[in-house]
Amino acid sequence: MISPKKYAKSAKRLPKGYKTINEFFNCVYNDHQMIWMGQNTNHLHDENDITFAMMDSIKNKDYCKYPPPEGFPELKGLILQDLGLNDGNNDILITAGGTESLYLCMNDILEPTDNVITCDPGYLIIDNFARRFGDHVKSVPIYSSENQYKLTPELVKQNMDKKTRLISLVDPLNPLGSCYTQEEIKEFADMAIDNDIYLLHDITYRDFAREHHLAAKYAPDHTVTVFSFSKIYGMAGLRIGAMISTPDVLNSVRNIVINDLGTNVVAQKGAMAALRSKNKWIDRIKDTTRTNQSIIKEAVDSVEGAFIPVYPSNANMLAIDIHETGVAPVDVAEFLLKRKIFAREGNYTSKLFGHRYLRVSFSIPREFVEKFAVHFQEAIKYLTR
Ligand SMILES: Cc1ncc(COP(=O)(O)O)c(C=O)c1O
């Protein structure tokens with residue numbers, strides 16, 4: 001059996017009254033009144049081309065057959081086109097979500113003596129996957145305005161050594177919503193080229209950002225890009241994403257794939273429709289998300305001692321720092337859950353700073369965000385009594 005020590009999990013807390021995390025999720029998932037602000041998912045799509053494509057696929061019983069193992073070529077082409085990486089130098093695999101891409105990336109690139117640079121706060125499953133294949137992870141503390149709440153090129157330089165093989169850039173960052181400038185991405189790209197190491201560019205929240213730059217454009221031979229349909233495309237439950245890199249990297253990944261028989265057909269049909277129809281829905285989703293964000297900001301500003309470290313967030317989530325209020329994020333999360341609002345305390349995305357913040361996502365209908373705004377203020381008032 002595998003040693004659990006090496007593969008330390010994120011500090012997922014079991015909410016009161018549940019025996020397992022799965023039982024908790026099953027319960028909140030099946031509660032149709034629950035307002036979903038805990039997973040950065042997107043609930044703003046109406047019935048649209050995506051739904052129709054998937055319903056057609058089901059009616060045609062496409063699902064009786066296995067799809068092409070690496071994904072439909074049309075879908076691969078549409079993703080590369082969406083990213084402007086369709087110059088013939090990039091290869092792509094369709095995966096069962098960004099999560100599978102992250103795992104394959106670590107499995108393929110890391111040797112047992114390598115180390116990986118990530119950041120805290122950050123998306124902790126990346127650290128977990130890196131630990132499985134490399135020697136250790138250097139999780140750099142970034143929760144400070146001095147470095148704009150992100151892993152800067154300077155911080156990476158300070159933490160790199162000869163055994164550093166990969167730098168993980170989640171951009172925009174879950175949980176804070178910080179994002180990289182073109183200059184920063186160029187600097188990371190130069191660093192990767194000069195040291196012959198890899199950038200893992202996780203662009204799961206890219207389309208929510210005001211401005212976004214792909215590392216693959218500046219260091220194509222040293223970047224693995226992780227793509228997801230779970231967020232702006234609103235398809236989290238369909239489990240679909242992609243991994244993009246050089247033909248060399250992907251040829252090597254082809255030897256270690258797990259989903260040897262391909263990714264869900266219905267999800268792929270939905271994903272193709274999502275990319276083809278993107279112009280029809282993206283502006284409305286971004287506009288609603290930004291308005292929602294300002295509603296949260298107003299509520300937070302009215303609470304003494306609370307603040308939003310990165311505002312505006314470039315993602316569909318943000319962190320609310322409540323440390324100075326004296327209230328623990330976990331208590332606020334419990335308070336909200338009782339009022340049917342699912343949000344996440346910081347421990348889920350940080351080992352060092354989780355006691356300071358609550359993370360909320362807001363690509364949900366405006367009236368739900370308004371409800372959150374009221375209950376958040378009440379929570380702090382009630383819990384500081
Ligand atoms: C940074 C980041 N990468 C990847 C994922 C997982 O993506 P997927 O649902 O495509 O597996 C998430 C999910 O929240 C995320 O925050």
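Predicted model: local features only at pLDDT ≥ 70, side-chain atom pairs only at ≥ 80, totals over all residues.

Biologist: What makes two residues count as being in contact?

Modeller: Their C-beta atoms, placed from the backbone, have to lie within 7 Å.

Biologist: Which residues have the most contacts inside the largest nonpolar core?

Modeller: Met 37 again, along with Met 243, Ile 320 and Val 360, in a core of 106 residues. Helix H4 (residues 98–109) gives the most to this core, six residues. Domain 1 (21–46 + 279–383) and domain 2 (49–276) each put in at least three.

Biologist: And why is that called a nonpolar core?

Modeller: The name goes to a set of buried Ala, Val, Leu, Ile, Met, Phe, Trp, Tyr and Cys residues joined through C-beta atoms within 7 Å.

Biologist: Why is Leu 75 called buried?

Modeller: Buried takes 20 or more other C-beta atoms within 10 Å of a residue's own, exposed means 12 or fewer, and partly exposed is in between, with C-beta atoms placed from the backbone. Leu 75 has 25 within 10 Å, so it is buried. You'll find Leu 75 in helix H3 (residues 73–83). Beyond four places in sequence, it touches Ile 94, Gln 268, Ala 271 and Met 272.

Biologist: Is Lys 61 buried or exposed, and how do you know?

Modeller: Its count is 9 other C-beta atoms within 10 Å, so it is exposed. Lys 61 lies in the loop between helix H2 (49–59) and H3. Along the chain Val 266 is 205 residues from Lys 61, yet their C-alpha atoms are 9.4 Å apart.

Biologist: Why is strand S7 (residues 223–228) described as largely enclosed?

Modeller: Six of its six residues are buried, so the rest of the structure largely encloses it. Both faces are covered, with Thr 223, Thr 225 and Phe 227 buried on one side and Val 224, Val 226 and Ser 228 on the other. Strand S5 (residues 164–170) gets the same label because six of its seven residues are buried.

Biologist: What makes something a strand here, and what makes two strands a pair?

Modeller: Strands (E, at least two residues) and helices (H or I, at least four) are DSSP runs, numbered from the N terminus. Two strands pair if DSSP finds at least two bridges between them. S7 has four bridges to strand S6 (residues 198–202), running parallel. Another four join S7 to strand S8 (residues 241–245), antiparallel this time. Both cases reach the required two, so both count as pairs. In the S8 pairing, Val 226 stands opposite Met 243.

Biologist: How many bridges join S5 to S6?

Modeller: Five, in parallel, with Leu 169 bridged to His 201 in S6.

Biologist: Which strands form the open sheet, and in what order?

Modeller: S9-S12-S11, three strands with antiparallel pairing. Strand S9 (317–321) and strand S11 (344–345) are the edges, as each pairs on one side only. S9 and strand S12 (residues 357–361) share five bridges, and Met 317 has Ser 361 as its bridge partner in S12.

Biologist: What surrounds the ligand?

Modeller: There are 13 residues around it, the closest being Gly 97, Gly 98, Thr 99, Ser 228 and Ser 230. To be near it, a residue needs its C-beta atom, placed from the backbone, within 6 Å.

How values were computed. Residues numbered from 1 in each chain as written. Domains from an automatic or database assignment.
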